[in-house]
Amino acid sequence: MTDGIEPFGEGFVTALAPEFVLVIGLFTLMIVPNLGDAKFRIPLTQVRIPWLFGGKRGTLDSDPRLPGIFASVFFVMAFILAVVSFIGGMETKTIASGTNELLKVDEFSRLFELIFYGALALASIASIDRLPATSRKDRSVSGLYNNRRQVDFYILLMTCGLGMSVVALAQDMFLLFIGLELASFSTYVLVAFMKETKEGSEAGMKYFIVGSVASGVGLYGLSLLYLWSGSLQFEELSAHFNATGMDPLPLTALGMLLVGFGFKVSAAPFHFAAPDAYAGAPGPVAGVLATASKAMGIVGLLRILLVVASPEGMDDATTVWLVALAVLSVVTMTWGNLAALGSTNPKRMLAYSSVAHAGYMLAAITAIGALNWEADHADASRNAALAVVTALMFHLVVLVCFKLGAFLVLSLLESENGGHTLESLGGLVKREPFLAVAMFIFMMSLAGVPPLAGFLSKLLVVMGIVKAALLESGSGSITFSEIHWVWYLALIMVINSAISVFYYLRVGLVMFFNEPEEGREGPLPNGTSIRFAIVACVASTIYFGVGAGQLIALCESAANALVGAW
Amino acid sequence: MSTGIDWISLPLVGLPLISSIVLLMFIGNVSNAAREKLGPSIRMVSLIISFIMLGVTTMMFFGQMDKMADWSTMNFGSFNFEFSYVWIESLGIRWSVGMDALSFPMVWLTTFLLPITIVATWNEKNASVYFPLILMMGGALIGVFVALDLFMFYVFWELTLIPMFFLILKWGGKDRKYASQKFFIYTFTASVVMLLGLVTLYLMQPEQIVTGGKYGTMTGRTFDIPTLVSHSQAANANGMWFLGESMQKVLFVMLMIGFLVKLPTVPFHTWLPDAHVQAPTGGSMLLAGVMLKMGAYGMFRLPLAMFPHAAEFFQFWLLALGMVSLVWGAVVCLGQTNLKKMVAYSSVSHMGVILIGIATMQPLGWAAALFMMFAHGIISPMLFAVCGAFKHHYHSMEIGAMRGMAKHSPWLATSMMFGWMASLGLPLLAGFVAELMMFLALWHFLAAENWSVFWMVGPAFVLAITAAYYLWSMQRTIFEGGDDTQPPASLHGAPVPDIADSEKIAMVIMAAFTILFGIMPWIALDMMNGWTVAFFEQLLIPILNGGV
């Protein structure tokens, strides 16, 4: 790969335009809210030069909503740039230093950037006029946190976005880890952003401790990989793995990396921090954790499992991690659903449902591992892998619409101190019919009821798994016992999604059936921007359910960028 | 594919769905007071829309549309008003609609019941939301019957749950929360198993090299139901099991789970009495009238058409399940003190008749099943309308709560008696035709296949039980007590009213059609018969005559 772009060489900035927008945004956010009328006196003279940093600030740049508006604009710009690069005919660009590939801009990473920026943009728009979430009688602008504290929030969102896109772009384990840590550290702080509340500090603490342990284990695995192969380049690792993949050393390393990324996607048994973190974090942040952060974990898993410990290089029909991952996925989805059944805090419930969704996605990845890459099956396998990765991508994209949307509705309730009990949703239909219907749509989509986006994503995942399981049936006839056992993962998955209906439906029942709690009769606090974000979520949930053709094609081209090379 | 006006997508599916959504969105944005005030006009709009739909289907019945084949002589695998549009190209999903003589009676029935339901529940509270939901329900139900694409079929199949869930939840009885949840989860669980079966079926079909059109560009496979059936037909003609023997059996079971729960048969029937007892009258009428038939319709459309070998293999189990439903439903009826629950269990029993008809694998049995679907679709809404009126007047569903109804409310008493008689299979009424046909088919089947004659004991026994529970409940409510009966205590001394005029209209229409189809069953039976015979010629006779 010598034709790559050198870092900061020609074409570097255009290749990474969305990221640079975020960097500019970061600096803007640091500078603008600090502009004031400060003057700098030249020493030993009386001459004062306007210095602008510090001093008394103007009304405009001390407005608490300013950082939110700025951040939203930059996120939306980054999002649009990523979309434009898709529309303008995607060109694969590699950023390499010498022979080492560092970052690769292709459909795959661009689509993930779309997910990240989309989720972060929605979160940032939703937060413009709702921080802090703690209850205050005074819902006017002056009731918000002052804008220096607001700035922290949005700066962290931006670094989080930067870290995530580095993960998606990385072609090198080391860079991937840097990006992962950048995003993780931002989220640790974001989770603890409401540090004044008990739940907030508890959430931040738990999330930080568990997360850093998981990262540490992952990093140790990384160092073992380096010890074994002497390189952290994906391509070299992959080649090395094909040669000596069954050694204990790389297998140990692989297991440790699974722990690290398992935490990010909140797979059981590494999910314990997730419910607490989601419950204590501000609503939009919890939404980001459940969507963008999870997508980042999935990128990591895809890179590790499908590129490094690649199934296509294996001589025998199965990969090393097949059974382990299958067990992990079954445990994750079942545990998530059963725990969600018992949780009365809607945010915890959504956290567990997010665990269950992680299980579905792991099941899909497992199915890729079950493919047979012998010469006579390679084409069919590539097709099946393409279908599964497409389904995964689609799932992650639409998850942003309804999972984040559900958290945003809860976050509106948070601003009157609700959202922590199911009862606080009571009678929502009488208070805010639109919000209740929106929440019901999100819940039905999560449960996988047609014609919403969640149904289609689940259908695609099931289809991908079944396609992988039926690989042997090239001629059209196959007996039931010949079907690969990953088919049962699909069965477990649909049964699990039937269980999940129970708790999703319960939210609907409370909203439509119960009377509002005492003291919560009136409409919810105003918040134009968050309502706008919710409308966007509802519209896309329905649109991607009914007219998903283009999005599927987009996901397919992205999946092809990953799978096509096999 | 024909050209011209898409009579199905536009007036029959699109109109009710879109208008109900528009109405609901409009209602969501007005104040509570305005909502009350707008109720009557929204009810009127809903009624007009349902009349438009009824008009369209009735014109279809009389063959008044352009380019349509006669219902009773249609070729197997051809459809009237067939239209398809690309929906999701990469997966081969299309919006594809069409009607044959299997789906048309069901569609007509739905459009017939919609105005009747609206009229019979004219005074339902919260009218501005209730009537759009009824419309939405109708649109979703028709969508199930006209879908020629598996994906579209499943989408509408699940879509019917949502308006029904809200109908039970918002207008239901005391335990509506439990009932609506149970209803939703029960049928949803069965449907996802069916969905996995559908997906497996989709991916098992032979892959096409040339994609585009109905074949997905990404998968090379199709969701098109007629295409899949013709694949099956081709396999049968070669003396093979479509998709292989073991897979066909597995898929047959998976699809049947979805349909048997919806039908429902014992032991999957427990959601039905709960849902019915708690549902409002309008919900019950559509639930019993059309929604249950979705299960039977689905069986004819998918598993029986695609997996005839497996159907024959599981014939014994189908017959046994049907027999158990028939007997169990009737026996449980005997023990009910709740009028509506009794009617609900009698539905289970009648659905058993349908399943027996299917299990005979005789053209006559299938025609009986189809006619039973139709006749029960007219009679059972009448039963539930009577139950609704009973509840409305006497504030109770207990059978002993009101006595001497003949004296106090003659209209209600007459409707009740008529409905009960129709349901127990009085000759010259629609239900009798179906039951008689089923008996004949079962006899014929038992004789032809040398099965034990003891299979007849169940149905014969049930005839007696059915008469017993219906007559007993009638005697207790209508006649018992003589002239000196007092109105029930729950009325608190108020005079006993008779049913409202709107209810009278609905009852009379349903009664008239019950008589019409009892005396002249061939109006509907001809097309069902034509469809069945074509089906047997094309798909089943090669197999049943030892084709393999």
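How much of the accessible surface of chain B belongs to carbon and sulfur atoms? The share is 66% of about 17900 Å², with areas from the Shrake-Rupley method and a 1.4 Å probe, where only the protein chains shown count as cover for residues.

This is a predicted model, in which local features need pLDDT of at least 70, side-chain atom pairs count only at pLDDT 80 or more, and totals for chains, interfaces and linings use all residues. Residues are numbered from 1 along each chain as its sequence is written, chains are lettered from A and ligands numbered from 1 in the order in which they are written, and side-chain values use heavy atoms, without hydrogens and water.

**View 1. The overall form of chain B.** Along the principal axes, the C-alpha atoms of chain B fill a box of roughly 75 × 60 × 40 Å. Of the 548 residues in chain B, 66% are buried (under 20% relative accessible area, 1.4 Å probe, protein chains only).

**View 2. Cysteine A:C555.** A:C555 is buried, at 0% relative accessible area. The closest cysteine sulfur, in A:C401, is 11 Å from that of A:C555, too far for a bond; a disulfide needs a pair of cysteine sulfur atoms within 2.5 Å.

**View 3. Cysteine B:C387.** Now to chain B. B:C387 is in no disulfide, and its nearest cysteine sulfur, that of B:C333, is 11 Å away. With 0% relative accessibility, B:C387 counts as buried.

Methods:
Buried means under 20% relative accessible area, exposed over 50%, partly exposed in between (1.4 Å probe, protein chains only).
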